[in-house]
Amino acid sequence: MTIIPLEQLKYPIGSFKCPKNITEKNLGSWIATLEQFPARLEDLVSNLSDAQLDTPYRQDGWTVRQVVHHLADSHHHSYIRFKWALTEETPVIKYYYEALWAELDDAKTAPINLSINHLKAVHAKLVYLLKGLDETNLNKSFIHPEHDEEIVLKKNIGIYAWHCNHHFAHIEHLIKREQW
């Protein structure tokens with residue numbers, strides 16, 4: 001049996017690396033990722049059994065079910081953050097404790113279709129919104145209180161495209177390792 005380093009299990013595609021100059025090509029690729037993600041995720045997880053959904057993707061990690069519910073929670077927050085940044089002057093966004101949310105009963109036991117359907121709706125709205133943004137709006141920002149960091153919206157598009165692929169890889173690699 002091959003032992004996979006913990007860091008590789010945590011970050012199977014590496015951490016997000018934002019280009020210094022975010023181009024229209026970057027934005028187009030990231031928005032396409034956001035647009036396609038709910039269907040890709042649904043295809044990946046729709047045939048998993050409850051036992052498989054309740055399997056952690058790594059030791060001491062979330063289960064597949066928790067990851068799916070986390071994606072819906074996180075991307076819902078992201079959509080709201082875009083709206084705040086577009087309608088307020090560099091707002092300080094509300095931080096949420098994702099690890100605690102993942103321990104709530106709905107994240108641990110609810111059917112994943114609730115979050116798949118939520119992701120379909122949130123991503124459809126988000127992609128529609130993003131495709132209509134001009135350069136001025138793409139350069140608006142919010143403050144994330146966790147690190148007191150200002151995040152420009154065009155960078156946030158990349159962060160959430162990466163976030164899609166990051167968690168997709170967690171599940172995909174587990175499926176391959178377990179030969180499901």
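Biologist: Which residue follows α9, and is its phi positive or negative?
Modeller: Gln179 follows α9, and its phi is positive, near 55°. Helices here are DSSP runs of H or I with at least four residues, strands are runs of E with at least two, and both are numbered from the N terminus. Before we go on, please keep in mind that this is a predicted model, in which local features need pLDDT of at least 70 and side-chain atom pairs count only at pLDDT 80 or more, whereas totals for chains, interfaces and linings use all residues. Residues are numbered from 1 along each chain as its sequence is written, and side-chain values use heavy atoms, with hydrogens and water left out.

Biologist: Is Gln179 buried or exposed?
Modeller: Gln179 is exposed, because its relative accessible area is 72% and the cut-offs are under 20% for buried, over 50% for exposed and anything in between for partly exposed, with a 1.4 Å probe and protein chains only. Gln179 sits in the segment after α9 and is not a glycine. As background, most residues other than glycine have a negative phi.

Biologist: OK, and what about Asp148, what is its phi?
Modeller: Asp148 has a positive phi of about 50°, and Asp148 is not a glycine either. Asp148 belongs to the loop that joins β1 (141-144) to β2 (149-152), and with a relative accessible area of 64% it is exposed.

Biologist: Back to α9 for a second, how far apart are its end C-alpha atoms?
Modeller: They are 38 Å apart, and this agrees with the span of 38 Å that the 26 residues of helix α9 (residues 153-178) should have at 1.5 Å a residue. The expected span is worked out as 1.5 Å times one less than the number of residues in the helix.

Biologist: And α4, how many of its residues are buried?
Modeller: Of the 24 residues in α4, 18 are buried, so the helix is mostly covered. From its first C-alpha to its last, α4 reaches 35 Å, which is close to the 34 Å expected.

Biologist: At what angle does α4 pack with α7?
Modeller: Helix α4 (residues 64-87) and helix α7 (residues 112-131) pack at about 25°, and their axes are 9 Å apart. The axes are lines fitted to C-alpha atoms, for helices over the stretch in contact, and the angles run from 0 to 180 degrees between N-to-C directions. α4 and α7 are therefore roughly parallel to each other, given that angles under 35 degrees count as roughly parallel, over 145 as roughly antiparallel, 65 to 115 as roughly perpendicular and the rest as oblique.

Biologist: Are α2 and α4 roughly parallel or antiparallel, then?
Modeller: Helix α2 (residues 24-45) packs with α4 at an angle of about 165°, with the axes 12 Å apart, and the two are therefore roughly antiparallel. α2 passes α4 in a left-handed crossing, and the crossing of α4 and α7 is left-handed as well. A crossing is left-handed if the near helix is turned anticlockwise from the far one by less than a right angle, and right-handed if clockwise.

Biologist: Switching to aromatics, how many aromatic pairs are there?
Modeller: Rings of Phe, Tyr and Trp (its six-membered ring) pair if their centres lie within 6.5 Å, and planes under 30 degrees apart count as stacked, over 60 as edge-to-face and the rest as tilted. By this rule the count comes to 3 aromatic pairs. One of them joins Tyr95 and Tyr97, whose ring centres are 4.9 Å apart and whose planes stand at 90°, so the pair is edge-to-face. Tyr96 and Trp101 form another edge-to-face pair, at 4.7 Å centre to centre with 65° between the planes.

Biologist: How accessible are Tyr96 and Trp101?
Modeller: Tyr96 is buried, with a relative accessible area of 7%, whereas Trp101 is partly exposed at 32%. Tyr95, from the other pair, also counts as partly exposed, at 24%.

Biologist: Which charged end sits over the ring of Phe168?
Modeller: The charged end of Arg40 does, 4.0 Å from the ring centre; the rule asks for NZ of Lys or CZ of Arg within 6 Å of the ring centre and within 35 degrees of the ring normal.
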